[in-house]
Amino acid sequence: MDYQNIRKQLVAEYNRLTAVKEHLLAFGRLDTNDQAQLDHIEAKLQTIRRALRRIDSGTYEICEVCGQSIGIARLEAANDCCRCIACESRINARISTAGRGIRAYRPAFVSESQASW
Ligand SMILES: [Zn+2]
């Protein structure tokens, strides 16, 4: 399977978000909304970098949780996702029942040294 089109979309989105981030940072003083937007952008950039690493290492279509195929239809709909629909639903169910202490699910992360991204 050739992911070059998806890769191009991801890189374009990465560059767009980086430009927005730099624009925000250029003002120097960030209010609460700017900071929230910046956090959101940073999280998204991290997700995109991870997707790009997965493409480059040939594991793009493999669910990070169960190792099964994510399916190309799902990847085309959400090009930076890393889990199959079954695992995603399980994780979302866990978050919604986890209570206030847990704000976000943090997946096991691919170490930076393994990839060029
Ligand atoms: Zn899975």
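Visitor: In which crossing does α1 pass α2, left-handed or right-handed?

Guide: First, a caveat: this is a predicted model, where local features need pLDDT of at least 70, side-chain atom pairs count only at pLDDT 80 or more, and totals for chains, interfaces and linings use all residues. Residues are numbered from 1 along each chain as its sequence is written. Helices here are DSSP runs (H or I, at least four residues; strands are E, at least two), numbered from the N terminus. A crossing counts as left-handed if the near helix is turned anticlockwise from the far one by less than a right angle, and right-handed if clockwise, and for α1 passing α2 the crossing is left-handed.

Visitor: What is the relative direction of α1 and α2, parallel or antiparallel?

Guide: Their axes, lines fitted to C-alpha atoms over the stretch in contact, are 10 Å apart. Angles run from 0 to 180 degrees between N-to-C directions, and this pair packs at about 155°. Angles under 35 degrees count as roughly parallel, over 145 as roughly antiparallel, 65 to 115 as roughly perpendicular and the rest as oblique. So α1 and α2 are roughly antiparallel.

Visitor: How far apart are the end C-alpha atoms of helix α2?

Guide: The expected span is 1.5 Å times one less than the number of residues. Helix α2 has 25 residues (32-56), so it should span 36 Å. The model agrees, with its end C-alpha atoms apart by 36 Å.

Visitor: How many residues of α4 are buried?

Guide: α4 covers residues 85-97, and it's hardly covered. Across the chain, buried residues make up 10% of the 117 residues. Among the 13 residues of α4, the count is zero.

Visitor: Which residues form the largest nonpolar core?

Guide: A nonpolar core is a set of buried Ala, Val, Leu, Ile, Met, Phe, Trp, Tyr and Cys residues joined through C-beta atoms within 7 Å. Isoleucine 70 is in contact (C-beta atoms, placed from the backbone, within 7 Å) with residues including Cys63, Leu75 and Cys84, leaving aside its neighbours within four places in sequence. The largest core has six residues: Tyr3, Tyr60, Cys63, Ile70, Leu75 and Cys84.

Conventions
Buried ≥ 20, exposed ≤ 12 C-beta atoms within 10 Å, placed from the backbone. Contact = placed C-beta atoms within 7 Å.
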